[in-house]
Amino acid sequence: MSDKPAFIHHVNFPTTDPDRTIEWYTKVFGMKYIKPKSNTKVVLMTRGNFDLHFTPVEEMDRMAPYHFAVEVEDWDGFLEHLAKLGIRHTRVITRPENNSQFCYIHDPDHTMIELVFHERRPYPPVPKKETAGSAAALTDSAGNGAGQAGGAMSADEARAELTATEGR
């Protein structure tokens, strides 16, 4: 038995517009919306290796200086992705002690997100929890997730689809 946590399962932030939040996090980070099985109004999003939850609120309280950080595998590629989407970021800072880089972006509700890149850090793939056959069953002939009707899918379907598409 260990007394140490394994990893952060998810973090929860407020959102004033759940549909806009789903669209933005899907577009920017390639996350998938998970349809809750309960009657909760919380927006559940997954990237396969981390989850974000968003609780609908009528009005946004200012959160600064709170933020979360996302590590990216390809720094230049991700900044080009942001530029194509029209998402501005702060000035890029390089830490000379480890040659890491970081900058900040904001989601539509102004939640601050730190983008981080560590040149020497290895990037293991998302752990496979599904077999190739079961992941393939979740995609249609065009390679789209079968669980995407209405944009929502179960957590297992979303993780399997992300795992399958990462291998393409």
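The model is predicted, and local features need pLDDT of at least 70, side-chain atom pairs pLDDT 80 or more, while totals for chains, interfaces and linings use all residues. Residues are numbered from 1 along each chain as its sequence is written, and side-chain values use heavy atoms, leaving out hydrogens and water.

**Exercise 1.** Determine how the rings of Phe 29 and Phe 78 are arranged.

*Solution.* 
Step 1. Rings of Phe, Tyr and Trp (its six-membered ring) pair if their centres lie within 6.5 Å; planes under 30 degrees apart are stacked, over 60 edge-to-face, and the rest tilted.
Step 2. The structure holds 9 aromatic pairs.
Step 3. The centres of Phe 29 and Phe 78 are 5.8 Å apart and their planes lie at 15°, so this pair is stacked.

**Exercise 2.** Classify Phe 29 and Phe 78 as buried or exposed.

*Solution.* 
Step 1. Phe 29 has 8% relative accessibility and therefore counts as buried.
Step 2. Phe 78, at 14% relative accessibility, also counts as buried.

**Exercise 3.** Classify the aromatic pair of Trp 75 and Phe 117.

*Solution.* 
Step 1. The distance is 6.3 Å centre to centre, with 35° between the planes.
Step 2. The pair of Trp 75 and Phe 117 is tilted.

**Exercise 4.** State which residues the ring pairs link into a cluster.

*Solution.* The cluster contains Phe 13, Trp 24, Tyr 25, Phe 29, Phe 54, Phe 68 and Phe 78.

Terms used:
Buried means under 20% relative accessible area, exposed over 50%, partly exposed in between (1.4 Å probe, protein chains only).
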